[in-house]
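The sequence and structure are shown first.

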Amino acid sequence: MAENTPEPAATLLSSLTVAEDATATPAATAPPSAPTTAMVGTASPPPLQLFNSMTKKKEPFVPRVEGKVGMYVCGVTPYDFSHVGHARAYVAFDVLYRYLKFLGYEVEYVRNFTDIDDKIIKRANQNGETVTDLSSRFIAEFLADVTELQCLPPTHEPRVTEHIDNIIDLIKEIIKNDKAYVVDGDVYFSVDNFPEYLSLSGRILDHNRAGSRVAVDTRKRNPADFALWKAAKEGEPSWESPWGDGRPGWHIECSAMSAHYLGHVFDIHGGGKDLIFPHHENELAQSRAAYPESEVKCWMHNGFINIDDQKMSKSVNNFFTIRDIITLYHPLALRFFLMRTHYKSDANHSDKALEIASDRVYYIYQTLYDCDEVVSLHHEENISVPVPAEEHKLIDDHNKAFLESMSDDLRTTDVLDGFMELLKAINGNLNDLKKLQQKLEQQKKKQQQQKKQQQKQQRPQKQPENHIQALNALGAEIKHKLSILGLIPPSPLAEVLKQLKDKALKRAGLTEESLSEQIEKRIAARNNKQFDVSDQIRKELAGKGIALMDEPTGTVWRPCERE
């Protein structure tokens, strides 16, 4: 799903003439051939503040180089399909990436692949395939998943195996600075020789452990020492090094690749909060042991996805893959669900939460679709009246609140809730416009002397063109902000609404044909005044997430939360 990134804020802060009242005289400028270009809010973004895991507080974000941001986010170990916990991290940092770009920053975003690891080697041996084939296959699957979730591609996506020389050079520096030692072809980092160790996590060394991916080795000087280089083992991939053939330890890769692409000092380093220790703690130690000037200006960590109050994890087999979820829910519903909880907090996975997210995105896109349909009917009209004052204020207030929330450590929960007022305003204008058009049509039929009588009648508070401009502006504001959040569908709204309905049918175990049969049975029951039967059919369908609505043109349905 290709998607354009949002334009920088400076190019979108447009001015607007506001109506003093709904009957204000149109501006004297030449009218366009369609409703005037919809405006977006005109407030400027406040200074960005981000929570720094190192200092344990929110801080003003000041990039190392004005106008430019270097950001590194730890990527996946590609030995299986990625789960929703992975999606949580990459959607969270995609939101940050998009917002930084919107603010006008030139962002160099690096997200790596750990394509050599004990788990990959074990799985490849089990499958009877090479490590390269296995990791490449699941890298492709991961990229397909995050594309479905509308995560923009990073600037660089390096693989560990492409940077072995960088890793070896970094280990040489650490040894030269007496912060590492060699034992039988293995190289270990010496935590005793690095007093700053544990400055990120705040742990106490006595409570430390060797790390979740390595076994305790009695050859270590300190049990907390961790491997920078592992001596070759039979049947495992290996590379030549000054210490003998072998492969990198887990942590050294990110120190080497971040320095290669972003330098020894860069702005943002991100990942899940489970990476604070040992991975990021060890990474920080390695980088500063090799080059003392190394620094990350802001460490950022996202919360977990929990199931029954336990972290979703492959190691305890309590996970759902991204592929599992988007089989039953639209990818944008999953993205919405992930953004519904602030990135630093843990999110609880449940079918109910996903249904709520799916219902919300359906409402958003249906409202925008209805808005576009009405506005398009007036595309050829010379509408040049200003946006009514009420909607102008609503849009300005929304824009201001959006920017304040996003600039305050990405408060996406408040941002998503904030769309409701605009959506209600769109539906209100659609209903009022329909009633007004019906009223005007009735008046026209009744009038014998239309011109004279119209002059005598009091004008309604709003004329149709006022509603059209209001709809145009409200729709543009919502779309603009959705684009910043990565929630604008890549397909036409009608197609996305159908996709959402198809997913709802799949969750309900129904087809279009079987649902049509149920609707016909209900209509027949109503016609026969068997209201208990018709009510039962409606309730059963609502229990499956299908809401029936009786309209003048017939019964229609839409997805809903299961009753």
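Two strands pair if DSSP finds at least two bridges between them; strands are DSSP runs (E, at least two residues), numbered from the N terminus. The model is predicted, so to speak of local features requires pLDDT of at least 70 and side-chain atom pairs count only at pLDDT 80 or more, while totals for chains, interfaces and linings use all residues. Residues are numbered from 1 along each chain as its sequence is written, and side-chain values use heavy atoms, with hydrogens and water left out.

An open sheet is built from four strands in the order β5-β6-β7-β8, with antiparallel pairing. Because β5 (180-183) and β8 (246-248) stand at the edges with a single partner strand each, one side of each has no neighbour in the sheet. Within this sheet, β6 (residues 186-189) pairs with β7 (residues 226-231) over three bridges, and Phe-189 stands opposite Phe-226.

Eleven aromatic pairs are counted (ring centres of Phe, Tyr or the six-membered ring of Trp within 6.5 Å; planes under 30 degrees apart are stacked, over 60 edge-to-face, the rest tilted). Phe-189 and Phe-226 are stacked, because their ring centres are 5.0 Å apart and their planes are at 15°. The pair ties together parts 37 residues apart in sequence, since Phe-189 lies in β6 and Phe-226 in β7. Ring pairs also link these two with Phe-194 and Tyr-197 into a cluster.

Two charges sit over rings (NZ of Lys or CZ of Arg within 6 Å of the ring centre and within 35 degrees of the ring normal):

| Charged residue | Ring | Distance to ring centre |
|---|---|---|
| Arg-203 | Phe-277 | 4.0 Å |
| Lys-481 | Phe-402 | 5.5 Å |
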